[in-house]
Amino acid sequence: QVQLVESGGGLVQPGGSLRLSCAASGSTFSYYRMRWYRQAPGKERELVAGITGAGLSSAGGITNYADSVKGRFTISRDNFKKAVYLQMNSLKAEDTAVYYCNAYRAVYGRDYNYWGQGTQVTVSS
């Protein structure tokens with residue numbers, strides 16, 4: 001029921017910045033936990049950042065980051081536009097990977113898990 005489309009990737013020099021966008025479809029976007037993952041060649045997909053959705057006991061908007069990107073990356077969401085963003089600053093060569101947008105929600109014992117097609121980020125001089 002949810003389709004995700006990433007954009008904003010590209011080639012940048014070390015120390016540069018990029019802003020990734022993830023556009024979502026569906027009428028229940030605000031309830032989903034949104035995450036950015038990345039996968040470099042030959043490596044497993046890893047969690048980069050996450051932001052919570054609305055729930056019975058939370059208004060959502062709580063963020064978390066991998067230690068490797070803390071202080072450099074910022075995740076945000078716009079529930080009206082049904083979009084999630086990842087602002088990436090002070091980029092390093094190690095940040096080179098395909099970045100994926102993920103939407104997750106658990107209701108009545110069932111998991112809803114959706115992925116975008118990915119967008120390439122290359123950091124090189």
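What follows is a friendly chat about the predicted model shown above.

Reader: Hi! What should I know about the numbering and the model before we start?

Author: Residues are numbered from 1 along each chain as its sequence is written, and side-chain values use heavy atoms, with hydrogens and water left out. This is a predicted model, where local features need pLDDT of at least 70, side-chain atom pairs count only at pLDDT 80 or more, and totals for chains, interfaces and linings use all residues.

Reader: Thanks! How many helices and strands are in the chain?

Author: The chain has 0 helices and 11 strands. Both are DSSP runs numbered from the N terminus, helices being H or I with at least four residues and strands E with at least two.

Reader: And how compact is the chain?

Author: It is as compact as a globular protein of its length, because its radius of gyration is 14 Å, close to the 14 Å that the globule rule gives for 125 residues. That radius is taken over C-alpha atoms, and the rule is 2.2 Å times the number of residues to the power 0.38. Along the principal axes, the C-alpha atoms fill a box of roughly 50 × 25 × 25 Å.

Reader: What share of the residues count as buried?

Author: 38% of the 125 residues do. Buried means under 20% relative accessible area, exposed means over 50%, and partly exposed is in between, with a 1.4 Å probe and protein chains only.

Reader: Switching to cysteines: how many disulfides does the structure hold?

Author: The structure holds 1 disulfide, formed by cysteine 22 and cysteine 101, with their sulfur atoms 2.1 Å apart. The cut-off for a disulfide is a pair of cysteine sulfur atoms within 2.5 Å.

Reader: Which parts does the pair tie together?

Author: Cysteine 22 lies in strand β3 (residues 18–24) and cysteine 101 in strand β9 (residues 97–107), so the pair ties together parts that are 79 residues apart in sequence.

Reader: Is that disulfide left-handed or right-handed?

Author: The torsion about the S-S bond is about -80°, so the disulfide is left-handed.

Reader: Are the two cysteines buried or exposed?

Author: Cysteine 22 is buried, with a relative accessible area of 1%, and cysteine 101 is buried at 0%.

Reader: Nice. What about the core, which residues touch the most other members?

Author: The largest nonpolar core has 31 residues, and Leu4, Met34, Trp36, Leu86, Met88 and Tyr99 touch the most other members. The elements that give two or more residues to this core are β3, β4, β5, β7 (73–78), β8, β9, β10 and β11 (119–123). A nonpolar core here is a set of buried Ala, Val, Leu, Ile, Met, Phe, Trp, Tyr and Cys residues joined through side-chain atoms within 4.5 Å.

Reader: What is tyrosine 99 in contact with?

Author: Leaving aside neighbours within four places in sequence, its contacts include Trp36, Leu86, Met88 and Thr119. Contact means heavy atoms within 4.5 Å.

Reader: You mentioned Thr119 there. Where is threonine 119?

Author: Threonine 119 is in strand β11, and at 10% relative accessibility it counts as buried. Its side chain reaches the backbone nitrogen of glycine 9 at 3.2 Å. That is a polar contact: a pair of N or O atoms within 3.5 Å; within protein, one must be able to donate a hydrogen and the other to accept it, and residues adjacent in sequence count only if both atoms are side-chain atoms.

Reader: Back to strands. How do β4 and β5 pair?

Author: Strand β4 (residues 33–39) and strand β5 (residues 46–51) pair in the antiparallel sense over 5 bridges. Pairing needs at least two bridges found by DSSP between the strands. Methionine 34 has isoleucine 51 in β5 as its bridge partner.

Reader: What does glycine 42 do in that hairpin?

Author: Glycine 42 takes a positive phi near 80° in the hairpin, which has 6 residues between the strands.

Reader: Which strand do 3 bridges join to β5?

Author: That is strand β6 (residues 63–65), which runs antiparallel to β5. Glycine 50 has asparagine 64 in β6 as its bridge partner.

Reader: Last one: which residues have a positive phi although they are not glycines?

Author: Serine 90 and tyrosine 108 are examples, each with a phi of about 50°. Serine 90 is in the loop between β8 (83–88) and β9 and is partly exposed at 41% relative accessibility. Tyrosine 108 is in the loop between β9 and β10 (110–115) and is exposed at 86%.
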